[in-house]
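Here is a short briefing to read with the model open beside you. Take it topic by topic, and pick out the residues on screen as they come up.

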Amino acid sequence: MKGQVVLITGSSSGIGRETAYRFAQARAKIVLTYNKGKTRGEKAEKRCQDLGAEDTLLLHLDVTDDRSIKNAVKKVLKKYSRVDFLINNAGTGVFIPFRKHTMKEIERQIRTNLEGLTKMTHFFLPYIKKGIINIASAAGKTAYAEMSVYCGTKFGVRGFTQALAEEHPRLKICSVNPDITATRLTGYEGRPPSDVAEVIFKAVSGTIKVASGGDVDVWKIMK
């Protein structure tokens, strides 16, 4: 992975941050993004540098804003001229009965988890050289009560991933599906985010084999 350009959305905290750290240890060039957590993003970038990243670039990115995505494309291309791997990690969730959801909560989940991921892929696709890893979820394979909208978006991510792989067989494209992971989204309950980061790294580096468009289930790898 040394010298390869790896762009990770939502990398100022949680799974995204740990993933950035893992690729930094492998001497990759890391593009980190944050939406609201600039200070966290700066700390994550510094940590990547300390861990051995060959180079870093920290960007503000709102995946629900087309202009923000286009601006990110310009900045990444200006510095690196390419992206080897895009890791679509940014996501959000609201875990309450569906009838209690507000319209804003529904919109935010769909626009971040599915629309934003899809648009990121669309805008960056011409410049991606090796692969796309989409972070879906165990809740994208099995439906759970009080996670209806979140499940809908993650089922959608997996469907998008499978279809995209059919169109681009030369790229490594797959879904990585975490189970309950200790992030802000879960109240810091569950497996360490570093476990998920390790699985993502293994999927990208080829340590584990996955069919084009297929699923990598974290709980099966990190037993």
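Tyr 188 counts as exposed, at 56% relative accessibility. Please keep in mind that this is a predicted model.

- Tyr 188 sits in the loop between E6 and H6. Its phi is positive, about 65 degrees, although Tyr 188 is not a glycine.
- Ser 81 belongs to another loop, the one between helix H3 (66-80) and E4. With a relative accessible area of 52%, Ser 81 is exposed, and its phi is near 70 degrees, a positive value in a residue other than glycine.
- Why point these out? Most residues other than glycine have a negative phi.

**Strands and crossovers**

- Which way do the side chains of E1 point? Val 5 and Leu 7 point one way from E1, while Val 6 and Ile 8 point the other way, and all are buried.
- E1 pairs with E2 in the parallel sense over four bridges. Within this pairing, Ile 8 has Leu 32 in E2 as its bridge partner.
- E1 also runs parallel to E4, and three bridges join these strands. Here Leu 7 stands opposite Leu 86 in E4.
- E2 in turn pairs with strand E3 (residues 55-60), again in the parallel sense, over six bridges. Thr 33 has Leu 59 in E3 as its bridge partner.
- Two right-handed β-α-β units can be traced along this part of the chain: one is made by E1, H1 and E2, and another by E2, H2 and E3.

**Nonpolar cores**

- In soluble globular proteins, nonpolar side chains tend to be buried together.
- The largest nonpolar core here has 29 residues, and those touching the most other members are Phe 23, Ile 30, Ile 87, Ile 133, Val 176 and Ile 200.
- The elements that give two or more residues to this core include the strands E1 (5-8), E2 (29-34), E4 (83-88), E5 (128-135) and E6 (172-177). The helices on that list are H1 (14-25), H2 (38-51) and H6 (193-205).
- Which element gives the most to this core? H6 does, with six residues.
- A second, separate core has 23 residues, among them Val 31, Val 76, Phe 124 and Leu 171.

- Thr 19 has its place in helix H1. Is it buried or exposed? Thr 19 is buried, because its relative accessible area is 1%, and the cut-off for buried is under 20%.
- Beyond its neighbours within four places in sequence, Thr 19 is in contact with Ile 8, Ile 87, Ala 197 and Ile 200. Of these, Ile 87 and Ile 200 are also among the residues that touch the most other members of the largest core.
- Asn 177 lies in strand E6 and counts as buried at 0% relative accessibility.
- Not counting residues up to four places away in sequence, Asn 177 touches Ala 136, Ser 137, Ala 138, Lys 141, Arg 158, Asp 215, Val 216, Asp 217, Val 218 and Trp 219.
- One of those residues, Lys 141, is 36 residues from Asn 177 along the chain, and their C-alpha atoms are separated by 8.6 Å.

**Pocket and cavity**

- The largest pocket holds about 1500 Å³ of space. Its lining has 50 residues, and those nearest its centre are Ala 90, Gly 91, Thr 92, Thr 183 and Leu 185.
- H1, E2, helix H4 (103-124) and helix H5 (148-167) each supply at least two residues of that lining. H4 gives the largest share, six residues.
- How many cavities of 30 Å³ or more does the structure hold? There is one, and the largest cavity has a volume of about 30 Å³.
- The largest cavity is lined by Thr 9, Val 63, Asn 88, Ala 90, Thr 112, Gly 116, Leu 117 and Met 120. H4 supplies the largest share of this lining too, with four residues.

Methods
Residues numbered from 1 in each chain as written. Predicted model: local features only at pLDDT ≥ 70, side-chain atom pairs only at ≥ 80, totals over all residues. Heavy atoms only, no water. Core = buried A, V, L, I, M, F, W, Y, C linked by side-chain atoms within 4.5 Å. Buried < 20%, exposed > 50% of the residue type's maximum accessible area, 1.4 Å probe, protein only. Pairing = 2+ DSSP bridges. Right-handed = clockwise from strand over helix to strand, strands pointing away. 1 Å grid on protein atoms, 1.4 Å probe; cavity = no way out; pocket = protein on both sides within 12 Å on 5 of 7 lines; lining within 4 Å. Points joined across faces, edges and corners; volume = space filled by probe spheres on them. Contact = heavy atoms within 4.5 Å.
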